[in-house]
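Reader: I'm new to this one. Can you walk me through it?

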Amino acid sequence: MAATTSLASDLPVFYMNDVYKFNEWGKQSVPGFHDRLPAVAFLARKCGERGDLVSRLAELGVPVHSLGKCAPKRTTNKFTHEIATGDKVSVISKYRVYLAFENSIEPGYVTEKVYDGFKAGCVGVYSGAPDIQRFVPPGSLIEISKETVVDAAANIKEALRSEDAWNRLNWWRQVPVSEWQGGSFLRSWGAPGETPPAGFHPDLGCRICRAAYAHKHPEETRFDPKTQTLERLAPGA
């Protein structure tokens, strides 16, 4: 039995296990559009392939401030000791747009990087999991790849200069999670009172316990990976 970040895994593992945190983040006081720098924040220790993508954005006229040790070509190096030792969310909250680029691109691999942007109230630009829309407020991110970098650059520049465009991507701060996609987003993550398969994503500890119990008592129960629940077997099954 495998436990990975993929939704197809026997036991999916997630960095965020409480979708209601979006409600909390939406209520927190963060700087508004005019109180932020009209630039893009990028913070990473190592560049790798994402450094090339960031450099390409800068080449297309996107003002990128490199806040970490990785400072791709054509970006403005703003790295300081204070940033390195400070609170990341506080640092990026000074910017209108934030680049959330994962170290690895694979389904379900969604780390704290993208959620830090939501906490800070930034418009996020995302490179990573192809199924990212299942993990964040629908339509709240500017997705980017090598193939879409030109269009992404245009959307980023619009979000930097237009308060209306910036607010459109931050719509989720004004709408409770329970209303997203008519309630289907919340049900997919486990609305209270919902029956499986809705609601299996959070509470990894509980799901592991069920799987372990089924493994220990195969004559009594079976663990169903689809619903992440236990099925009691009929005697002699």
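**Aromatic pairs and packing**

Author: A search of the whole structure finds 11 aromatic pairs. Rings of Phe, Tyr and Trp (its six-membered ring) pair if their centres lie within 6.5 Å; planes under 30 degrees apart are stacked, over 60 edge-to-face, and the rest tilted.

Reader: Where in the chain are Phe22 and Tyr115?

Author: Phe22 sits in helix α1 (residues 21–27) and Tyr115 in helix α5 (residues 112–120). They are 93 residues apart, so the pair links distant parts of the chain. Helices (H or I, at least four residues) and strands (E, at least two) are DSSP runs, numbered from the N terminus.

Reader: What kind of model is this, and how are residues numbered?

Author: This is a predicted model: local features need pLDDT of at least 70, side-chain atom pairs count only at pLDDT 80 or more, and totals for chains, interfaces and linings use all residues. Residues are numbered from 1 along each chain as its sequence is written, and side-chain values use heavy atoms, with hydrogens and water left out.

Reader: Back to that pair. Is Phe22 buried or exposed?

Author: Phe22 is buried, and Tyr115 is too. Buried means under 20% relative accessible area, exposed over 50%, partly exposed in between (1.4 Å probe, protein chains only).

Reader: Which residues do ring pairs link into a cluster?

Author: Phe22, Trp25, Tyr115, Phe118, Trp171, Trp172, Trp180 and Phe185.

Reader: And the largest nonpolar core? Which residues touch the most other members?

Author: Of its 34 residues, Phe22, Val114, Tyr115, Phe118 and Phe135 do. A nonpolar core is a set of buried Ala, Val, Leu, Ile, Met, Phe, Trp, Tyr and Cys residues joined through side-chain atoms within 4.5 Å. The elements giving two or more residues to this core are α1, β1 (37–42), α4 (88–92), β4 (95–101), α5 and α8 (184–189). Helix α5 gives the most, with four residues. Apart from this core lies another, of 25 residues, including Val40, Phe42, Val125 and Ile156.

Reader: What does Val114 touch?

Author: Leaving aside neighbours within four places in sequence, Val114 is in contact (heavy atoms within 4.5 Å) with Ala100, Tyr126, Val136 and Leu141.

Reader: New topic: α6. Which residues are buried there?

Author: In α6 (residues 149–161), Val149, Ala152, Ala153, Ile156, Ala159 and Leu160 are buried.

Reader: Why are they on the same side of α6?

Author: Because they cover an arc of only 125 degrees around the axis. The arc is that of the directions from the helix axis to the C-beta atoms. On the other side of α6, Asp151 and Arg161 are exposed.

Reader: What do the buried ones pack against?

Author: The buried residues of α6 pack against β1, α2 (48–59), β4, β5 (123–127), β6 (141–143) and α7 (163–169).

Reader: And Phe33, where is that found?

Author: Phe33 is in the loop between α1 and β1. At 5% relative accessibility, Phe33 counts as buried. Arg96 lies over its face, 3.7 Å from the ring centre. A charge sits over a ring if NZ of Lys or CZ of Arg is within 6 Å of the ring centre and within 35 degrees of the ring normal.

Reader: Last one: where does Val19 lie?

Author: Val19 lies in the segment before α1. Val19 is buried, with a relative accessible area of 5%. Leaving aside neighbours within four places in sequence, Val19 is in contact with Val177, Phe185, Leu186 and Trp189.

Definitions and conventions. Expected span 1.5 Å × (residues − 1).
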